[in-house]
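The structure I consulted follows.

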Amino acid sequence: MDETVAEYIRRTVLKIPRDEIKTMLQKWGLLSETQLQTINFRQIKENISQDVVQLCEENSADIKQAAILDIIYNHVYPNKRVWSVYQMKKTGEETEFFDLTDFKKKFKRRLRSALKNVTINFREYEDNAIWIRIAWGTPYTKPNQYKPSYVVYHSQTPYVFISASVLKSNLPLLCQALLLASNYHDIREMELRSHSLNSLKDIVFKRYSQNFQTHYPRPLQERNVAPESADLRIIQENRSEKERIERVNREVFGDGPQPKLEFAQYKLETMFKSDPQMDVLDKKEPFRCLVKFSSPHLLESLKSLAPAGMADAPISPLLTCIPQKARNYFKIRERKNFFPGSFVSP
Amino acid sequence: MEEGKRNSAGVFTHLERLEAQAREIAVKQEKMKQEEEKRARLKARVRELRLQRDKLLAKVRLQKKKLREKRAMSDPAKSGARAVLEWKIKNIKAMLQVSYVTGINGKRTKQGVCFCISTAYESTYLDSYYVHLLVKPEVQIHQHSVPTFIPLEQIAKMYLQTDIGRFLSVLSDHLNAYAGRKYQADQLQEHFSDQIEGTLQRNSLCNLLVFNYKVSSKSKTFPFNARLLYGDLCCSLPTEVNVSCTPDAPASLAEMAAAHSDLFSRVALHKAFRSFSSDEESMDGAP
């Protein structure tokens, strides 16, 4: 077995939390159950990784098999990477019979024709997601397994989730291969990024909690109802206002949990508006600034702003349009009234 | 002098005048007394009448209440407009219930109408999808939860401006067919996984399924390869079925493959597989 393969397997095993190593190796399927039984999973990770490498040596694992273990790890921990959504467009409207084998063949052929030194791996998951891992080399060097690109694609959808390699120069080639394999004609980045792959999927696949009014509402998932104060002496003074806020908030955010995003960024290129008599910044130059909202769970925190009394309800559509517009990076320019409402500073 | 004359001459007249004045006053007093008495009488009468009015009002109120209660309790056919209205509301609610059973129902919202399309396959209720339409200035889709691989945009382009009913029914056909295809594939994977090699290969729309399978649970290999193509997106049965077996397989297997191919194009996937296993059982039972 190649020395680099051994080292790569060792390092990948080291990344996995100790009590999950066994299940991940089982998913990997390279080592037999009897081989797995010989490993003591209670020793320190360093030793486990060495044992695993030794067994892989017996099975003479190659880099393609090692890469699968990396896919399994990343599938379980997609939040370790930053994902960006790309949208593809096509001119025709014909229905596709997406054939997976065909897709893989076309994808590989396109990449290989441009670059010999690449490792390409595919793995399908139950939710019809196809995971692709590409390790990039150059015409003269072997693929760098430690800086791979990840692509997650759901067949027959125009959306691709890419966690790009640090080696940025390969991105155009990757996009080309995707277009060719999935039979689309154009691809662009959607300005929607997050660590949470599933939330990005929820947003573009419209699975996030939207507020739809019907006669037969879906059963509410345990809504967090604030416990009514048991003390009768306490009187809610603004009961109706509180109810209004709650109602407005529900109209905007729906009942369910929000998709998880960490950032929303607004680049303002608008003119500074002031009283002409004050003569402040009376220039034709746009007033450039960048407003960045960050939170471990941005949409959930926006949702709780109004009920917490920190902002007026409803909150500016600039902030609440994020899931519907499917983007969290905005550029706001003068005279293009895309986004009604005022700028908000909480 | 003149004064004395006047005095002597005027005593009588003065007395007379005083007498007249006294009379006048007495008459006046008498009148006032009478008027006062009259006023008191009238006041008493007013009081009496007011009391009577209040009693009557209370009576009327009581009667009205009784009447209302009576009406509510009496036969709906007799009690006029109110009952008709109630009946109408009940009827409309029932209609709504019916429309829910058909799979499409809508509700007016502030900006337009929100439709809920529920899907079902063979008496199993499956997912529901929502489409919120704006009506002004033109009909357009505001929000929806339709999966991206359903050609919503195309359907909207064809029917949304001209015929909303048609738009909804076509969309509902697409969603129901998709739900049906997905349901079959899921059922197959769930109940017949031991007869299928690995996992079913499918795409998001479930309009192409590829899998290797075997009929007998005793067989070690998976001799058949099936490729089902669902050309009609509004249909949950395949339009093109291709079942093949390994070229060196005996003729009986090839025959079987042809029979399966016919079966798959007519019967739901999981039902076809169920029939395989029942066939096998009956064969086992035969001596």
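I took two strands as paired if DSSP finds at least two bridges between them. Helices (H or I, at least four residues) and strands (E, at least two) are DSSP runs, numbered from the N terminus.

I note that this is a predicted model, in which local features need pLDDT of at least 70, side-chain atom pairs count only at pLDDT 80 or more, and totals for chains, interfaces and linings use all residues. Residues are numbered from 1 along each chain as its sequence is written, while chains are lettered from A and ligands numbered from 1 in the order in which they are written.

Entry 1, chain A. I looked up the partners of strand 1 (residues 83-89) of chain A and found six bridges to strand 6 (residues 186-194) of chain A, running antiparallel. Within that pairing, A:Lys89 has A:Asp186 as its bridge partner. Strand 1 of chain A is also joined by four bridges to strand 5 (residues 159-163) of chain A, again antiparallel; there A:Ser84 stands opposite A:Ile162.

Entry 2, chain B. I traced an open, antiparallel sheet of four strands in the order 5-6-7-8. Strand 5 (201-202) and strand 8 (240-245) of chain B each have a single partner strand, so one side of each is left without a neighbour in the sheet. Two bridges pair strand 5 of chain B with strand 6 (residues 208-213) of chain B in the antiparallel sense, and B:Gln201 stands opposite B:Val210.

Entry 1. I checked residues 15-66 of chain B: the span is 100% helix and 0% strand, and its end C-alpha atoms lie 76 Å apart.
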